[in-house]
Amino acid sequence: AGLAATASRWAPFITVVGGLITVVGGLIAVLLGIRKELREQRAQRVAERDLRQNELDQRVAQAKLERKQRDDELKQRRVEAQREQKQRADELKQRRADAQRRFDELFSQAVANLGSSKESVQLSAVVVLDSLLQNEEGQFGEQIYSIVCANLATDHSPLVNRFLVRTFSKAIRIRRATPGVHPSRAHRNFI
């Protein structure tokens with residue numbers, strides 16, 4: 001009897017405490033569930049962030065690789081352009097040397113032929129000088145001008161003199177049209 005009376009007095013309290021324990025246990029379970037959910041969400045955010053960072057790192061690496069490839073291609077183009085430019089310069093130098101050699105040969109032959117005793121050979125020499133003067137457009141005009149001036153001072157047939165005068169007038173026009181070329185004192189008498 002005493003135990004039953006004590007139990008009945010404590011019964012509402014035990015019921016409340018049992019209910020509280022159930023509620024607290026439920027709250028703990030809910031809190032643990034929320035905690036687990038938050039940890040999973042945090043882990044998912046970290047994983048997503050890591051994935052985004054990896055993707056970004058890959059894009060950066062790809063961009064660097066593409067830039068290096070573009071730089072390498074550009075460098076290769078520059079090297080190729082420099083090689084082509086050097087080749088063109090060498091070819092131009094060779095063409096100029098060949099042109100100078102051809103001019104020297106024709107010029108020497110024409111000068112020698114001006115001293116010939118045959119009028120036809122002298123006329124051919126003047127025609128060659130005239131054609132050299134026209135083709136070179138002042139490049140070798142000074143030399144031709146000097147030879148024509150010297151030959152105008154020597155005795156030639158009237159036909160040869162007429163061709164010399166015609167070539168001389170062309171040489172003067174080219175000399176005057178060429179900037180920076182002034183007649184020397186020795187040739188001023190013929191102007």
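Which residues of the largest nonpolar core touch the most other members? In this predicted model, that core comprises 21 residues, and Phe-107, Leu-129 and Ile-144 are those that touch the most other members. At least two residues of the core are supplied by each of helix 1 (2-114), helix 2 (119-136), helix 3 (141-152) and helix 4 (158-177), with helix 2 giving the most, namely 6 residues. When its neighbours within four places in sequence are left aside, Ile-144 is in contact with Phe-103 and Phe-107, as well as with Leu-129, Leu-132 and Leu-133.

Helix 1 consists of 113 residues and reaches 161 Å from its first C-alpha to its last, a span close to the 168 Å expected at 1.5 Å a residue. A bend of about 45° is found in helix 1 at Ala-11, and a proline, Pro-12, follows within four residues. Buried positions in helix 1 include Ala-99, Phe-103, Phe-107, Ala-110 and Leu-114. In an α-helix, residues three or four places apart point the same way, because there are 3.6 residues a turn.

The packing of two helices is described by the angle between their axes and by the distance between the axes. For helix 3 and helix 4, the angle is about 145° and the axes lie 9 Å apart, and helix 3 passes helix 4 in a left-handed crossing. On the side of helix 3, the contact is made by Glu-142, Tyr-145, Val-148, Cys-149, Asn-151 and Leu-152, while helix 4 contributes Asn-161, Leu-164, Val-165, Thr-167, Phe-168, Ala-171, Ile-172 and Arg-175.

Technical notes. Residues numbered from 1 in each chain as written. Predicted model: local features only at pLDDT ≥ 70, side-chain atom pairs only at ≥ 80, totals over all residues. Heavy atoms only, no water. Core = buried A, V, L, I, M, F, W, Y, C linked by side-chain atoms within 4.5 Å. Buried < 20%, exposed > 50% of the residue type's maximum accessible area, 1.4 Å probe, protein only. Contact = heavy atoms within 4.5 Å. Expected span 1.5 Å × (residues − 1). Bend = angle between axes of the 7 residues up to and from the residue. Axes fitted to C-alpha atoms, helices over the stretch in contact; angles between N-to-C directions. Left-handed = near helix turned anticlockwise from the far one by under 90°.
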